Amino acid sequence: MHARFARTPLCAAMTTALATAYAPAFAADNATLTLNPVVVTGSRAEAASFDLPAAIDVLNREEITSGQPRVNASEALIAVPGVVANNRQNYAQDLQISTRGFGARSAFGVRGIKLIADGIPASMPDGQGQAATFNLDVAERMEVLRGPYSAIYGNHSGGVIQLFTIEPRDNASLEAGFAAGSYGTTKADITAQGKLDGLGYVLNTSRFSTDGYREHSAATREQAFAKITGKPDEDSKLTFTINGLWQHNTQDPLGLSWAAYKSNPRGVDSAANDFNTRKSIDHLQGGVAYERRFGRDQLQLSAYSGQRSVIQYQAIPISAQANPRHSGGIIDFDRNFYGFGARYIAVREAAGGKLTTTFGIDYDNSTDQRTGYENFVGTTLGVKGKLRRNETDSVESLDPYVQTEWARGDWAVTVGLRHSQVKFKVDDKYIVGVNGNDSGGRDYDKTTPILGVVYKLNPAVNLYASAAKGFETPTLNEMFYSGSAAGFNFGLGAARSQHYEIGAKALIGDSSRLNVAAFQINTEDELVVDASTGGRTSYKNAGKTLRQGIEVSFDTDWRRDLTSRLALSHLRAIYDESFTTGTGASLKTIADGKSIPGIPRSTVFGDLAWKITPAITTAVEGVYRSKVYVEDSNTATPAPSYAIANIRVTAEQRLGHWRISEFARLDNLFDRNYVGSVVVGDTNSRYYESAPGRNGLVGVNARYTW
């Protein structure tokens, strides 16, 4: 069942006549909100989101781009229940994203969540990923999956965030945009798309720059994207994509202690200046995808390869590096990664119903040539010194899976099974004195089943239940140290979880949709910080955790010129069994019932948009987050709860082949001081990352269509 209302929704809520300053050159001019969008995440085959036994949200292009600079995925993900997406105001460490608490303690990048762009993983086989590689200038939609269904994606699939880029249109267009705002922030981009001699193309390049809200937080990011599509015949499609990201000397302001945050939220710890903490990234990857239909059946093949180089200067004191086994204060690695995927989707009639079965296999491989250096020479800090580490780290995963759905009448049943094999290997080339040989490896093996059932109570209401088992291996970074001086911690086990979810989805009239999901997640051998001193953080498996929560979203068109959306979540995430961390004087017992750090118990997002005239729209947004604990014992001051309001205005003019649009937005309207994100379990109690006060952004966009 499909229901539509001809009004751009909610946070995007920008009406058909009003695109935005960043409206797509290639989106339909008469965009409408689809209350029951077709998705591929979760089921692998195309399916209506309303009919899946899973919590899945779709953010369309308008919702991703409307009145936004299109720099961070958090701009759009903030409106998805169950997802916490924080812009850390630190482009050296990327976004902080968690779903139902998975990934909340990541010190940098994204872990615990599978990131995918155009079918190509943005997560490495060990589970670590970077959302910065998502190019939002060319985003067509994002599909966000939470809960048991995520398990069919294997290791580190506490949730799945999948980006799909735009397809070329017959009418070629050229579009350019520029935005500028507070703290020296600018964003310029240009996009061309169209079709030529049977081939479609999308080309984009952009440059983002900011001085940063905090001291020592300046960043410059350049991105480029190319997509070429073709149809060898009427039943097949071939797609090539190339995606690049470059950040050089991105400053890292580190976290702040509570006292430092209270006295000067825009300041930095002296160590950031002393060691000139910074990070440079060069990332380039390409992929090819082939699809072919055989009647109702479909074959999908994909392959990708890429290279990523990182050099990061950390604030590790010279005294901490006196340990001969320390790897130094500078991380320097070159990563080569590649992989392939194959799946066959078969559709048959069986037992009076429709049977859709997917057979697939995924293979992923990454190899790091990793070195470490002292971050000083003599008394000069923040420069490359002596070699302290030299090794080759590799991770590979092989995952065959099968998933089938049988639907008949008011019932639909889905079952799936995935077998994951993840292999870690370290070849240590720095064997000096007592440093020893840290070569070794560890293999992980896990089968994860899923089960889902949907009952159609009536044409407008679906009830569902689902269950699955999931797992998370340690990432390479979590294996780097053990609690002793013994080098790599190959003894870490994988965390294992059981997911349960019940929910309801309702279409209310032809203008509203309500989703409600309740869930429970039981995890054994949760990975937690064991010890963190002198720049060395080691991890351990720590018993059981419990996550229980509810998510609600409500999207509606109140009348022709007024739309809104609401997303709220409540999550109780606790340690369900006591455990100890550290040794000797640092030994600490974490009692059961303590809250898992980094996870707000309640989050709320609301949006109300008003189309003042056919060419002008304004909208107000509200965001609430409850307090967040910063370490396992819950004794350090938690980041306080906060509520902020944002406002935006967009306008558009059309003249012949030209379409020009503008936007202005004001965030944190009432200039609240608050902690936007936390660094869980930081060595130096620098847990708190300040969010900006009142800040603004304006932009203009021009597009010419032939």
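**View 1. Leu-451 has Ala-467 in E26 as its bridge partner.** Strand E25 (residues 440-458) pairs with strand E26 (residues 461-472) in the antiparallel sense, over eight bridges. Strands are DSSP runs of E with at least two residues, numbered from the N terminus, and two of them count as paired if DSSP finds at least two bridges between them. The model is predicted: local features need pLDDT of at least 70, side-chain atom pairs count only at pLDDT 80 or more, and totals for chains, interfaces and linings use all residues. Residues are numbered from 1 along each chain as its sequence is written, and side-chain values use heavy atoms, with hydrogens and water left out.

**View 2. E26 pairs with strand E27 (residues 495-508).** Twelve bridges connect E26 and E27, which pair in the antiparallel sense. Within this pairing, Tyr-464 has Gly-503 in E27 as its bridge partner.

**View 3. E27 and E28 form a hairpin.** Three residues lie between the two strands, and Gly-509 in the turn has a positive phi of about 60 degrees. Strand E28 (residues 512-524) runs antiparallel to E27, with 13 bridges joining them. Ser-512 in E28 stands opposite Ile-508.

**View 4. E28 pairs with strand E31 (residues 544-559).** This pairing is in the antiparallel sense and comprises 13 bridges. Gly-549 in E31 is the residue opposite Phe-519. In a regular strand, side chains alternate between the two faces of the sheet.

Definitions and conventions:
Helices (H or I, at least four residues) and strands (E, at least two) are DSSP runs, numbered from the N terminus.
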